[in-house]
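Trainee: I would like to learn how to read a few features of a structure, one at a time. Could we go through them together once it is on the screen?

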Amino acid sequence: MKQLILAEKPSVAKDLSRVLGATQKQKNYYEGPTVIVTWALGHLLGLKMPEDLNKEWQTWQLETLPMIPKKIGIQPLPKTGHQLKAIKQLAQRKDVKELIIATDAGREGELVARWIIEWIRFDKPIKRLWISSQTDKAIKEGFQKLKPAQEYNHLYQSALARAQADWLVGLNVTRALTVKYKDNLSAGRVQTPTLALVRKQEQSIETFRAQTYYQIELAVGKSRATMAQKNPYEWQEASQAQDMMKQLQSQPGKVTSINEKTQKQAAPLPYDLTELQQEANARFGYSAKKTLSLVQSLYEIHKIVSYPRTDSKYLPNDLKQTMNERLAAVATFSPEVKLYIKNGANVIQTNVFNDGKVTDHHGLVPTEERARYEKLSNDEQKIYQLIVQRFLGLFAQPHITKQQTTVVSFGAAQFTFQQKQVIQSGWKPATTEVPTTENWSMNQSIAPNFQLKKGLTTPPKPLTEGTLLGKMEKFHLGTPATRAEIIEKLIKSELMERSGNSLAVTPKGKQLLTLVNPDLVTPILTQKWEEELEAIAAGTYPFQTFVTQIEQDTRDLVKEIKQSEATYQDFALTQKKCPECGELLREKNTRDGKVYVCTNNSCSYRRRKDPKVSNHRCPQCHRKMEIIDGKNGAFFRCKYDGTTEKMLGTKERKKKMTKHEERQLVKKYSQADEEVESPLAAALKAALGQSEE
């Protein structure tokens with residue numbers, strides 16, 4: 001009898017089959033003496049769409065909203081049906097005794113597997129593989145600790161509740177907005193409050209007014225300190241600060257306080273996904289999606305980091321015994337690593353081991369697998385170095401400084417000077433910078449050496465993907481696994497856009513936020529939903545209670561839109577008319593550039609706004625030609641001199657050039673002066689001469 005093992009992706013299935021001895025490769029699975037390893041392709045099934053549940057819901061209209069089905073149900077996704085069919089056939093084999101869920105160990109991975117199991121109606125025992133890295137050792141140990149799938153039922157219910165909530169809120173609110181305002185307006189329980197966070201920051205910038213202010217600065221030797229004030233911006237006129245300065249200059253000041261304190265700063269804990277995305281965005285300008293893709297590759301393909309989609313920075317106690325192997329895997333990273341190994345892989349930052357703070361997965365750390373840097377891209381190396389550097393900090397001594405705080409008083413006015421001396425660099429890189437120091441003594445007389453300091457208040461900075469991720473984490477908007485996807489969806493739906501490394505809300509997005517119920521705009525309601533989803537996963541909150549509340553919230557949100565008297569301006573609407581139905585065209589951003597699409601939902605007319613530039617060269621000026629879609633098909637046109645050329649079909653392009661055409665080509669590229677032969681003509685002649693031989 002055999003185990004049927006269900007992985008999430010083909011690449012993972014390949015690794016599992018190698019470790020488990022499934023050497024017989026078939027089209028849809030691997031097979032060995034005791035196991036059959038097959039795979040999903042991400043999600044193979046999804047919730048049914050409204051039109052699949054009710055004929056009245058096929059047409060988008062306000063009268064049929066809200067759509068609250070008694071049961072949504074699942075259905076196969078159109079492009080992956082062949083793999084689902086293969087899994088079903090394997091599950092029905094008589095020699096299959098049980099199924100092992102080996103999809104990603106998280107909420108979405110659980111949903112991928114459970115929907116497949118439900119669809120194929122598998123009625124034999126089911127177990128769960130739960131591992132945080134893809135190394136051979138982790139896989140072998142994981143299969144020795146398989147658990148009954150029932151232990152993860154609450155996790156599945158949480159995933160199902162999330163999917164149904166997104167269906168109910170997202171589809172209903174999006175349909176209501178789109179129909180009422182005649183534009184594609186996408187809204188959702190997570191993406192809309194996320195958009196609102198960006199807009200709130202923009203409004204702070206827009207309402208900001210720069211303010212000039214003045215302060216008094218005291219100079220003692222090379223050191224400087226500003227006068228302490230409850231409100232550092234209170235003096236908006238230079239005369240106000242000058243009057244105070246005259247009072248202070250009437251007599252010398254004195255040192256009234258000297259305090260010394262030694263500070264120990266432990267190394268930071270390992271990254272969770274969100275902090276890694278923030279760091280990569282700040283350092284390298286990577287989007288959240290790009291960082292997730294890179295770290296997923298390091299985990300899945302190279303197997304040199306642990307499971308990336310984690311929200312924990314802590315490690316379980318059973319990982320203590322693996323520290324030596326993990327250090328050995330990164331032995332060439334820095335000279336200190338060999339010293340750490342020699343000291344017995346002793347972790348200095350001991351509070352990193354905390355079973356109570358490890359959720360589904362522990363913090364991001366390197367695995368026992370040695371990295372092959374020649375196989376890593378430049379971007380992958382950067383992310384791997386961040387993870388390793390943070391991991392090595394756990395073995396380093398704390399950073400110790402001695403800080404001296406000196407207060408100089410001129411009557412009631414006080415000036416605070418601070419001096420810091422590094423006693424031990426520890427995990428921080430040693431610095432060669434020599435700090436400015438003064439030899440202070442109590443009651444020391446200080447000359448009134450004041451200067452007027454002029455300042456200007458600065459506006460808040462726009463949100464970057466890194467700072468937005470931090471706010472999403474604060475308000476529990478999405479999960480580490482889904483936040484990058486949410487940001488990309490907002491950009492794709494033209495509600496938000498990237499401006500350099502900053503994020504900005506589009507005119508369409510600004511209007512959307514005024515059209516929906518305020519409860520969906522503020523993160524408070526969504527934060528409550530996310531906390532309840534986590535409680536469902538923990539088994540402390542009923543699944544049905546959550547879904548019932550979401551259904552009522554959906555009714556309220558749709559009702560609000562129906563009764564709204566707000567107006568909407570479609571900034572993407574042009575005055576150009578569709579040549580097929582006469583309706584106006586709307587400008588839309590796509591990966592291939594800007595396009596015009598018809599506003600009539602039943603019309604499929606679409607064309608590029610600007611012609612596509614090809615690599616085909618103009619025969620006259622030799623610049624790249626544009627591709628024009630004409631009535632009789634596409635053709636090349638040079639925008640510089642108007643030259644046009646027919647686009648050859650595939651067969652015509654493959655047709656061999658005749659000898660006469662070859663000679664004409666050589667002649668064409670020869671210079672007018674026959675005594676001087678062009679390099680291109682010489683190369684062509686040489687090539688033709690070789691072919692004739």
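Trainee: Is histidine 361 buried or exposed?

Mentor: A word on the source comes before that: this is a predicted model, in which local features need pLDDT of at least 70 and side-chain atom pairs count only at pLDDT 80 or more, while totals for chains, interfaces and linings use all residues. Residues are numbered from 1 along each chain as its sequence is written, and side-chain values use heavy atoms, with hydrogens and water left out. Buried means under 20% relative accessible area, exposed over 50%, and partly exposed in between, with a 1.4 Å probe and protein chains only. Histidine 361 has a relative accessible area of 3%, so this residue is buried.

Trainee: Which residues is histidine 361 in contact with, leaving aside its neighbours within four places in sequence?

Mentor: Contact means heavy atoms within 4.5 Å, and the partners of histidine 361 are Ala105, Gly106, Trp130, Ile131, Ser132, Tyr307, Thr310 and Ser312.

Trainee: How many aromatic pairs does a search of the whole structure find?

Mentor: A pair of aromatic rings is described by the distance of the centres and the angle of the planes. Rings of Phe, Tyr and Trp (its six-membered ring) pair if their centres lie within 6.5 Å, and planes under 30 degrees apart count as stacked, over 60 as edge-to-face and the rest as tilted. The search finds 13 such pairs. In one of them, tryptophan 130 and tyrosine 152 are stacked, because their ring centres are 4.9 Å apart and their planes lie at 15 degrees. Tryptophan 130, at 23% relative accessibility, counts as partly exposed, whereas tyrosine 152, at 11%, counts as buried. The rings of phenylalanine 391 and phenylalanine 395, with centres 5.2 Å apart and planes at 75 degrees, are edge-to-face, and both residues are buried. Ring pairs also link Tyr340 with Phe391 and Phe395 into a cluster.

Trainee: Where does the charged end of arginine 390 sit?

Mentor: A charge sits over a ring if NZ of Lys or CZ of Arg is within 6 Å of the ring centre and within 35 degrees of the ring normal. The charged end of arginine 390 sits over the ring of tyrosine 271, at 3.9 Å from its centre, and that of arginine 623 sits over the ring of tyrosine 640, at 4.0 Å from its centre.
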